[in-house]
Amino acid sequence: MALGSRWHPQAELVGRRFIGLVASKVFDWFVRLVLGIGKIYDTQCGFKAYKREVLEKILPLSIDRELSFDTELILLSGKNGFRIKEIPIHWEESPFSSIDLLRDSSVMAKNIIDQRLRYKPGIIAIILASLFIPLISLALLSIKTGLRLI
């Protein structure tokens, strides 16, 4: 599996907004913390390449169909012994992003915790879930109802 990486030392970033940079770095840190995927620094770039044999093995196992599907594929690739390599890319920020930072990151964080519980259960997963799921649930509730939390 090859992952395009905006955070590779040889990658080129053009027009990256500060909020997008911070959000991406925080989310990738969260993914590494929760899923324990090692030194993969850009799970959300979108540039990914797979050998057919890898997809034939991991796609039937995957459950996630939302924005966090790629973290599940990375996790499943590693669990099944496939090599994962990040490669540098040239990235130009688009002013037409369809991502809603608060809503989508909350949903994705919940899905990442679900992936941890599904594929790497244990005490760490339970602790992470008990810490983060109430916060994520509050964020999602505030989005759906328009309720201000602060």
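Predicted model: local features only at pLDDT ≥ 70, side-chain atom pairs only at ≥ 80, totals over all residues.

Let me begin with glutamine 115, which counts as buried because its relative accessibility is 0%; buried means under 20% relative accessible area, exposed means over 50%, and partly exposed is what lies in between, computed with a 1.4 Å probe on protein chains only. Residues are numbered from 1 along each chain as its sequence is written, and side-chain values use heavy atoms, with hydrogens and water left out.

Glutamine 115 sits in helix α4, where helices are DSSP runs (H or I, at least four residues), strands are runs of E of at least two, and both are numbered from the N terminus. Its side chain reaches the backbone oxygen of serine 68 at 3.1 Å. That is a polar contact, a pair of N or O atoms within 3.5 Å, where within protein one must be able to donate a hydrogen and the other to accept it, and where residues adjacent in sequence count only if both atoms are side-chain atoms. If we set aside residues up to four places away in sequence, glutamine 115 touches Leu35, Asp64, Ser68, Thr71, Glu72, Leu75 and Lys120, with contact meaning heavy atoms within 4.5 Å.

Also in helix α4 is asparagine 111, which is buried, with a relative accessible area of 8%. Beyond its neighbours within four places in sequence, asparagine 111 is in contact with Asp64, Glu66 and Ser68.

Now, how does α4 pack against other helices? Two packed helices are described by the angle between their axes and the distance between the axes. The axes here are lines fitted to C-alpha atoms, for helices over the stretch in contact, with angles from 0 to 180 degrees between N-to-C directions. The axes of α3 and α4 come within 10 Å and cross at roughly 25°, so these two helices are roughly parallel to each other; angles under 35 degrees count as roughly parallel, over 145 as roughly antiparallel, 65 to 115 as roughly perpendicular and the rest as oblique. On the α3 side the contact is made by Thr71, Glu72, Leu75, Leu76 and Lys79, and on the α4 side by Ile112, Gln115, Arg118 and Tyr119.

For α1 and α4, the axes likewise come within 10 Å, and they cross at roughly 15°, which makes α1 roughly parallel to α4. Among the α1 residues that meet α4 are Phe27, Phe30 and Val34, and the α4 residues they face as a group include Met108, Ile112 and Ile113.

Let us look at two of those α1 residues in turn. Phenylalanine 30, in helix α1, counts as buried because its relative accessibility is 8%.

Valine 34 brings us to the largest nonpolar core, which has 23 residues, and in which Val34, Leu35, Ile37 and Ile112 touch the most other members. At least two residues of this core come from each of α1, α2, α3, α4 and α5. A nonpolar core is a set of buried Ala, Val, Leu, Ile, Met, Phe, Trp, Tyr and Cys residues joined through side-chain atoms within 4.5 Å.

How many of the residues of α3 are buried? Eight of its eleven are, and α3 is therefore described as mostly covered. What covers those buried residues includes β1, α1, β3, α2 and α4.

Finally, serine 62 lies in the loop between α2 and α3, and at 9% relative accessibility it counts as buried. Its side chain and that of arginine 65 are joined by a polar contact of 3.0 Å, and, not counting residues up to four places away in sequence, serine 62 touches Glu72, Leu73, Leu76 and Tyr119.
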